[in-house]
Amino acid sequence: MGQLLRKHAQKTGLPPGSLIYTGDRVSAQAKISIIEYDEQHYEEREIASFDECLLLQDKPGVTWIKVEGLHAVENLEKLGDCFNLHPLVLEDILHTDQRPKIEDFDDYLFIVLRMINYDENNALSSEQISLILGSNFVISLQESNEAIFAAILERLRTSKGRMRKFGSDYLAYALMDLIVDHYFVVLEKFGEAIEFLEEEVVKQPTPQTLKDIHHFKYDMILLRKSVWPLREVIGRLERRESDLIQEATGIYFKDVYDHTIIAVDNIETYRDILSGMLDIYLSSISNRLNEIMKVLTVIATIFMPLTFLAGVWGMNFKYMPELHWIWGYPAALGLMLAIALSMLRYFRRKKWL
């Protein structure tokens with residue numbers, strides 16, 4: 001195990017005891033919280049390193065080890081030794097570009113999720129959340145130090161609902177449910193941005209509009225990659241393929257599965273809207289170009305006979321009766337004006353203008 005993790009540290013160019021690479025984030029120090037609870041008891045504390053995890057084994061009730069910000073490789077190795085985690089599990093925790101998945105190791109389940117956030121600059125960011133579910137413990141590891149699971153902690157502290165009455169599988173359900181529900185918050189903001197963009201495409205599309213459409217299509221790919229595989233993960237938990245999932249908890253995973261299906265449907269709907277929006281943009285640009293070409297064609301068509309007349313009277317022949325006629329100039333202008341008005345009237349009758 002240690003050799004595998006040290007190999008990862010060498011790959012990222014960092015010594016085993018220092019920082020580790022975590023996608024776009026590098027964490028110098030992790031915040032490790034220990035939450036122990038049952039129906040009558042609740043205790044929450046922070047520890048400095050994973051050296052104390054040996055004290056957590058075989059404790060009554062449920063133990064939640066919450067890691068915010070990935071820690072040094074050597075300390076994570078201690079966590080693996082403490083809970084007998086497979087080296088590949090630790091490697092997947094460190095490589096934070098994993099797709100959502102679930103792996104059954106008999107004594108525990110390893111679950112990878114993606115937390116999606118939508119910031120003020122209309123940019124999506126994805127963060128890997130790793131869960132390790134055991135018979136009486138849950139280990140959650142996240143890249144950032146953001147308090148993602150603050151609502152779950154508050155429910156445990158105040159003993160609201162049924163969380164303190166159930167086991168570790170229900171805690172895993174609550175964590176996953178919070179992540180899935182957050183997808184709807186992101187999708188709502190995404191939908192509002194798409195509505196604004198759709199209005200812009202119809203009314204006044206610009207080259208920046210095309211860039212925005214492609215930006216949203218890229219974000220939609222990120223969303224789809226984060227949510228689509230989650231169906232299989234939660235589906236396996238709902239079917240209780242592992243003995244770690246109690247029968248009473250299976251119905252709750254079914255609810256999360258339904259929410260995931262709804263999120264997938266919304267994502268597919270937005271993908272269709274964006275594809276149609278791109279077609280509308282191209283059609284709008286084409287229509288604007290056609291309108292411009294139509295106006296230019298009308299102008300050129302009107303001036304063709306006028307140019308012809310001006311060219312005829314501009315020839316340098318000595319004997320041209322019109323040149324010596326006192327009303328020749330006004331008559332020529334009147335004839336040109338009459339031709340132009342007649343052509344405009346004809347174009348309007350044909351509804352070309």
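In this predicted model, strands β6 and β7 (residues 109–118) run antiparallel and are joined by four bridges. Within this pairing, Asp104 has Leu109 of β7 as its bridge partner. Helix α7 (residues 230–238) packs on the sheet and touches both β6 and β7, its direction making about 40 degrees with that of β6.

The two strands belong to an open sheet of seven strands with mixed pairing, ordered β4-β3-β5-β9-β8-β7-β6. The edges are formed by β4 (42–47) and β6 (101–104), each of which pairs on one side only. On average, and with direction ignored, neighbouring strands of the sheet are turned by 15 degrees against each other. Helix α5, spanning residues 168–203, lies across β3 (31–37), β5 (62–68), β7, β8 (124–133) and β9 (137–142). The angle between α5 and β7 is about 25 degrees.

The loop between α3 (87–94) and β6 contains Arg99. With a relative accessibility of 51%, Arg99 counts as exposed, because the threshold for that class is over 50%. When neighbours within four places in sequence are left aside, the contacts of Arg99 are with Val112 and Pro229. A separation of 8.7 Å is found between the C-alpha atoms of Arg99 and Leu230, although these residues are 131 residues apart along the chain.

Helix α4 (residues 150–158) has Ile152, Leu153 and Leu156 as its buried residues. Viewed down the axis of α4, these residues fall within an arc of 100 degrees and therefore line one face of the helix. The buried residues of α4 pack against strands β3, β4 and β5 as well as against helix α5.

Most residues other than glycine have a negative phi. Asn84 is placed in the loop between α2 (73–83) and α3, and its relative accessibility of 58% classifies it as exposed. Arg240 is located in the loop between α7 and α8 (247–313). With a relative accessible area of 37%, Arg240 is partly exposed.

Notes. Residues numbered from 1 in each chain as written. Predicted model: local features only at pLDDT ≥ 70, side-chain atom pairs only at ≥ 80, totals over all residues. Heavy atoms only, no water. Pairing = 2+ DSSP bridges. Axes fitted to C-alpha atoms, helices over the stretch in contact; angles between N-to-C directions. Contact = heavy atoms within 4.5 Å. Buried < 20%, exposed > 50% of the residue type's maximum accessible area, 1.4 Å probe, protein only. Arc of directions from axis to C-beta.
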